[in-house]
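Here are my notes on this model, written point by point. Keep the structure open while you read.

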Amino acid sequence: MRETLGPIHYWLYHKIQLQEQLIEELLRWGNEKRAEVIELRIESHKLYGKPAEGKLETCVQGKDIHRWLQEKLDSVEYRLAYIFTLLLDDKYITMEETQAIFRENGLNTAKSMHICKAQDKPMDARELYKRIYDCLLEGMPCDDVNEIIVSTVDEVVWKRTKCIHQKYWKQVGGDIIYFYVFRQAWVEGFLQDSGMKYEELQRHIYAIKK
């Protein structure tokens, strides 16, 4: 390998794999509605590349780690937008059904991380914010999408300084508004049992608080 694997590479690969899970859940739903999901999956791979499978160290052996991760990030972003948009256009899924899929995924992800207000020491707002963005893709680490405005044990407020997802949705003819609706549903599911709530305070400014 051209570069030694470090924690940040595993961190980003984990986030990519979590978004792959959401794609699979959309395809499972489409299959239940009798959509041609095998063909849809194959076409998405032809257009935007196949998902990475297996351990990171095996996948990137002999490759430029940064470039490879960027390619896989782009691939999963394009495929999520493409698959949802086609399922929606062909009426195999609705916005409400997709919100439910994202919300349940967020809840299940939180459970797998043992996030619960009934814990002896529940996570505070700062810890929850970090855990959320240990899961959600916001580009490469150098993209610096979010700017923290307030950070206390009871409240974290942050501003989204730019949108790095729109190019993917625009390319496939989708609407970026859907992406942020689904992301909100995911965060709400993630926080459901945490004792904290998520709010959009104003355009592009969000909060986690009691």
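1. In which sense do E1 and E2 pair, and over how many bridges? E1 and E2 are antiparallel partners, joined over 5 bridges. Two strands count as paired if DSSP finds at least two bridges between them. Strands (E, at least two residues) and helices (H or I, at least four) are DSSP runs, numbered from the N terminus. In this pairing, Asn146 stands opposite Arg160 in E2.

2. A word on the ground rules. This is a predicted model, in which local features need pLDDT of at least 70 and side-chain atom pairs count only at pLDDT 80 or more, while totals for chains, interfaces and linings use all residues. Residues are numbered from 1 along each chain as its sequence is written, and side-chain values use heavy atoms, with hydrogens and water left out.

3. Now the whole sheet. It is open and has 4 strands in the order E1-E2-E4-E3, with antiparallel pairing. E1 and strand E3 (197-202) stand at the edges with a single partner strand each, so one side of each has no neighbour in the sheet. On average, neighbouring strands are turned by 25° against each other, direction ignored. Axes here are lines fitted to C-alpha atoms, for helices over the stretch in contact, and angles run from 0 to 180 degrees between N-to-C directions.

4. Look at the other end of the strand order. E3 and E4 run antiparallel and are joined by 5 bridges. Glu200 stands opposite Tyr206 in E4. The two strands, E3 and E4, form a hairpin with 2 residues between them. His204, in the turn, has a positive phi of about 70°.

5. Which helices meet the strands? H6 packs on the sheet and touches E1, E2 and E4. The direction of H6 makes about 40° with that of E2. H8 lies across E2, E3 and E4, and runs at about 145° to E3. Contact means heavy atoms within 4.5 Å.

6. Two helices also pack together. Helix H1 (residues 7-32) and helix H2 (residues 37-48) have axes 9 Å apart, at an angle of about 150°. H1 contributes Glu24, Leu27, Gly30 and Asn31, and H2 contributes Val37, Leu40 and Arg41. By class, this contact has 3 nonpolar, 2 polar and 2 charged residues. Ala, Val, Leu, Ile, Met, Phe, Trp, Tyr, Cys and Pro count as nonpolar; Asp, Glu, Lys and Arg as charged; the others, Gly among them, as polar.

7. Next, the aromatic rings. The whole structure has 18 aromatic pairs. Rings of Phe, Tyr and Trp (its six-membered ring) pair if their centres lie within 6.5 Å; planes under 30 degrees apart are stacked, over 60 edge-to-face, and the rest tilted. Trp158 and Tyr206 make a tilted pair, 5.9 Å centre to centre with 35° between the planes. This pair links distant parts of the chain: Trp158 is in strand E2 (residues 155-160) and Tyr206 in strand E4 (residues 205-209), 48 residues apart. Buried means under 20% relative accessible area, exposed over 50%, and partly exposed in between (1.4 Å probe, protein chains only). Trp158 is at 2%, so it counts as buried. Tyr206 is at 8%, so it is buried too.

8. Compare a pair within one helix. The ring centres of Trp186 and Phe190 are 5.1 Å apart and the planes are at 20°, so this pair is stacked. Trp186 and Phe190 are about one helical turn apart, because they are 4 residues apart in helix H8 (residues 176-191). Both Trp186 and Phe190 are buried.

9. One aromatic cluster consists of Phe84, Phe102, Trp169, Tyr178, Phe179, Tyr180 and Phe182. Arg160 lies over the face of Tyr180, 4.1 Å from the ring centre. A charge sits over a ring if NZ of Lys or CZ of Arg is within 6 Å of the ring centre and within 35 degrees of the ring normal.

10. Last, check the backbone. Most residues other than glycine have a negative phi. His114 has a positive phi, near 60°. His114 lies in the loop between helix H5 (95-112) and helix H6 (125-132), and is exposed at 58% relative accessible area. Asp144, also not a glycine, has a positive phi of about 50°. Asp144 is in the loop between H6 and strand E1 (146-151), and counts as exposed at 58%.
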